[in-house]
Amino acid sequence: MTSGDSGRATDAGRQDDETPDRWGAYPRLTPQQLSLLDQAGTRRVVRAGDVLVREGDRDRDFLVVLAGTVGVVDGYGTPQDRTIRVHGPGRFLDEIGLLTGQPAFVSMVAVQDGEILAVPLARLRDLVSRDPQLGDLILQAFLLRRELLAGQGVGLRIVGSRFSPDTHRLREFAARNRLPHTYLDVEEDAQAEQLVRQLGIPPSDMPVVISGREILRNPTDAELARILGVAPPSAGERPEDLVVVGAGPSGLAAAVYGASEGLSTVVLDAVATGGQAGTSSRIENYLGFPAGISGAELAERAVIQAEKFGAGISVPARATGLTHEGDAYAVRLVDGTEIRSRTVVLAAGARYRRLQVDRLEEFEGASIYYAATFIEAMFCRDLPVTVVGGGNSAGQATVFLTGHASRVRLVVRGDDLGQDMSRYLVDQTEGNPAVEVLTSTEVKQLCGQGGELEAVVVENNRTGMRRRLDTRLLFGFIGSAPATGWLRGAVALDDKGFVRTGPPAGADNVLETSWPGVFAVGDVRSGSIKRVASAVGEGAMAVRFIHEHLQNVGARGADLRPR
Ligand SMILES: Cc1cc2nc3c(=O)[nH]c(=O)nc-3n(C[C@H](O)[C@H](O)[C@H](O)COP(=O)(O)OP(=O)(O)OC[C@H]3O[C@@H](n4cnc5c(N)ncnc54)[C@H](O)[C@@H]3O)c2cc1C
């Protein structure tokens, strides 16, 4: 076993030193907290070498080290296994996936003889509902640990070719769902080639995803989600009270308020929870988070909150149509399933626009991204990157990437950075010596080979002067379009494709669409303010209108005819 970042390996097979807690991710429980947990769990004596949790294990307890030390091991049992952390008495194990039902991405192995406390998850949930301080301590540590894991190249192994669209799809799915993963490119990585040969995988079965002991051959997103513990949506016998389409901030808010107020609630998302906000490195203007909050953390917290109140969240579940039948609506999914519900919240938001430049597809697999989170940051360590766009998302990405890339250039088509970007981001960008801002500039050409970007050629749209910028990764933040293609022929849309609500849709209340009982919230709504706070606010408001609608239906019977 080789050592990771956690300290000195004391002999060939073990590493006894506890990982220092530089990040605040491995807090030690107080004697009071330990004694509380002790009442809910079972103590177990362990011997050095005992495997407490194996990579891929799904049903597992919350484990606390009482005596001895436990190592967190990547690739346990393989020649490449690596101890990435060691925890001693008073520390607890695992990360956010324990709470969200995901399999373990690493193994946990006793380094020394000792004792652990195993608390069943249901008992833990019960305890933390009565001790929010303990709940917060665990949640905060778990969220941080996910971030650290993602940055360490552990977890799922996606093995494929950068030229394969399926490889691109799987990497995108893993990134958007914030799954710790590493990518092994058979085109250039001898280890990847060797692994494929060892496993006897023919080229026709590529790409593969390796999770613990399971090998998935070119899985669909749904198959991958299934091994990650996400249940596919199923059509219940009775209609739900509320189906929310889209699990961005607005949809998750509707789910939290709906489920907490007793509505049977199902949330469907085509790609991942968190929506656009989940692709943001740091949201600094959301109320209550003066130091900012990453989109990933906001999403994970909201998902846990919605599930706590009983909402069912399904990913991936792409809605392809909306119809009304009798006294209920039916949301049709891409696999043909129909979810029936008495009310629907459309929270499908908007999708990023792709850059308009030749050879884009060639580089999209490995060198072009439309999000800048800690997952993308992993790929750009000490490399020159270019960000395209003049809005807040481009500004945020630029500032964030300066902490990871060797050089960041921001290419803006307009001549004034302050035109579409908030003042605080303009200041952070322009005042940053690690950033070069190029206004009145557009990307004209992508240069590189084999899917790997080497440079971009940009042109000043006033002078016509061209410049070649060394660029290994290109980030596009050039706006978005409403995700409403699937709604054509159903609710009324405006001329840009956003969902009309309120009087323009013939409805009395501001969030109701042209179909009674169908509401639109957040970025997908015509005239909405494109902000996390307003999306969350609208999601919460919609639930109030849903109650009113259900009451009226109760009094007068359902009339779902379009207005
Ligand atoms: C990089 C970036 C940074 C940002 N930073 C900030 C910031 O700092 N502050 C701020 O206030 N705002 C910020 N924003 C804007 C903010 O993120 C959005 O306003 C907000 O996410 C809108 O939330 P929403 O729930 O309405 O839609 P979205 O976040 O777009 O979520 C919609 C969800 O619906 C899903 N979906 C779409 N179609 C379907 C379908 N057919 N079936 C099922 N699911 C579907 C999508 O997969 C997505 O998850 C940022 C945006 C980006 C892109």
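Mentor: Contact here means heavy atoms within 4.5 Å. This is a predicted model, in which local features need pLDDT of at least 70 and side-chain atom pairs count only at pLDDT 80 or more, while totals for chains, interfaces and linings use all residues. Residues are numbered from 1 along each chain as its sequence is written, and side-chain values use heavy atoms, with hydrogens and water left out.

Trainee: What does helix 1 lie across?

Mentor: Helix 1 (residues 31-40) lies across strand 2, strand 4 and strand 8, at about 70 degrees to strand 8. Helices (H or I, at least four residues) and strands (E, at least two) are DSSP runs, numbered from the N terminus. Axes are lines fitted to C-alpha atoms, for helices over the stretch in contact, and angles run from 0 to 180 degrees between N-to-C directions.

Trainee: Why are strand 4 and strand 8 said to pair?

Mentor: Pairing requires that DSSP finds at least two bridges between two strands. Strand 4 and strand 8 (residues 114-119) have five, in the antiparallel sense, so they pair. V65 has I116 of strand 8 as its bridge partner.

Trainee: What makes strand 2 and strand 4 edge strands?

Mentor: The open sheet has the order 2-8-4. Strand 2 (42-46) and strand 4 (62-67) each pair on one side only. The twist averages 30 degrees from one strand to the next.

Trainee: Why is the link between R157 and D74 called a polar contact?

Mentor: A polar contact is a pair of N or O atoms within 3.5 Å; within protein, one must be able to donate a hydrogen and the other to accept it, and residues adjacent in sequence count only if both atoms are side-chain atoms. The side chains of R157 and D74 are joined at 3.3 Å, so the term applies.
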